[in-house]
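Colleague: I am new to this structure. Please take me through one part of it closely.

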Amino acid sequence: MLTLSEELLSPSPGIAEDTWEAACRQLLDAVPQEYLSLISLLLKERNGGGCGLRDWISAVAFRGAKFPHSIPPQIVRIYLNDPEAVPLHDCEECGLAVPVRPNRVHGLESDPECEYFPTCPLCGGRTGPFYYWSEFRTQLQRRKPR
């Protein structure tokens, strides 16, 4: 009998598919147990929702982002309750990607319509667009010899 994760993920021939599947498994390993079956169903149905979660998986699979060991339940609830939520902000301290609802009129580049977590639910750090990555880059520049 297949496990829920195996059922969700079909065999894949290519590196990109393998990378995607590994990121899906990481997400499923990190979500609270009470949401596991619902998240699995969202990911299984390609057109059935879960766009924000897929964006987060893509960031982990192909852009160097990471899932925390355990995703806070309030983050999962946002993705389940707001089909427009996407992981566009991150925590300045721990790097957790946090969802926002983008501005429907002005798009992704403007201030979000709804900012769910001005502080990180994992560590309490400030959140915002590229907060973690801009701080990371600043730290690298400080260490770089001139």
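How many salt bridges does the structure hold?

Modeller: The structure holds 3 salt bridges. A salt bridge here is a side-chain nitrogen of Lys or Arg within 4 Å of a carboxyl oxygen of Asp or Glu. Side chains of opposite charge can pair when their charged atoms come close.

A word on the model. This is a predicted model, where local features need pLDDT of at least 70, side-chain atom pairs count only at pLDDT 80 or more, and totals for chains, interfaces and linings use all residues. Residues are numbered from 1 along each chain as its sequence is written, and side-chain values use heavy atoms, with hydrogens and water left out.

Start with the sheet. It is open, with 4 strands in the order β3-β2-β1-β4, and the pairing is antiparallel. Strands (E, at least two residues) and helices (H or I, at least four) are DSSP runs, numbered from the N terminus. Two strands pair if DSSP finds at least two bridges between them. β3 (114-115) and β4 (127-128) stand at the edges with a single partner strand each, so one side of each has no neighbour in the sheet. Strand β1 (residues 86-91) pairs with strand β2 (residues 97-101) over 3 bridges. His-89 has Val-98 in β2 as its bridge partner.

Helix α5 (residues 73-81) packs on the sheet and touches β1 and β2. Contact means heavy atoms within 4.5 Å. The direction of α5 makes about 35 degrees with that of β2. Axes are lines fitted to C-alpha atoms, for helices over the stretch in contact; angles run from 0 to 180 degrees between N-to-C directions.

Now the salt bridges. Asp-82 pairs with Arg-101, their closest N and O atoms being 2.9 Å apart. Asp-82 lies in the loop between α5 and β1 and Arg-101 in strand β2, so the pair ties together parts 19 residues apart in sequence. Both Asp-82 and Arg-101 are buried. Buried means under 20% relative accessible area, exposed over 50%, partly exposed in between (1.4 Å probe, protein chains only).

Arg-101 also meets Glu-113 in a salt bridge (3.3 Å, N to O). Glu-113 sits in the loop between β2 and β3, so this pair ties together parts 12 residues apart in sequence. Glu-113 is partly exposed, at 36%, while Arg-101 is buried, at 19%. Shared partners join Asp-82, Arg-101 and Glu-113 into one network.

Glu-92 pairs with Arg-126, the closest N and O atoms being 2.8 Å apart.
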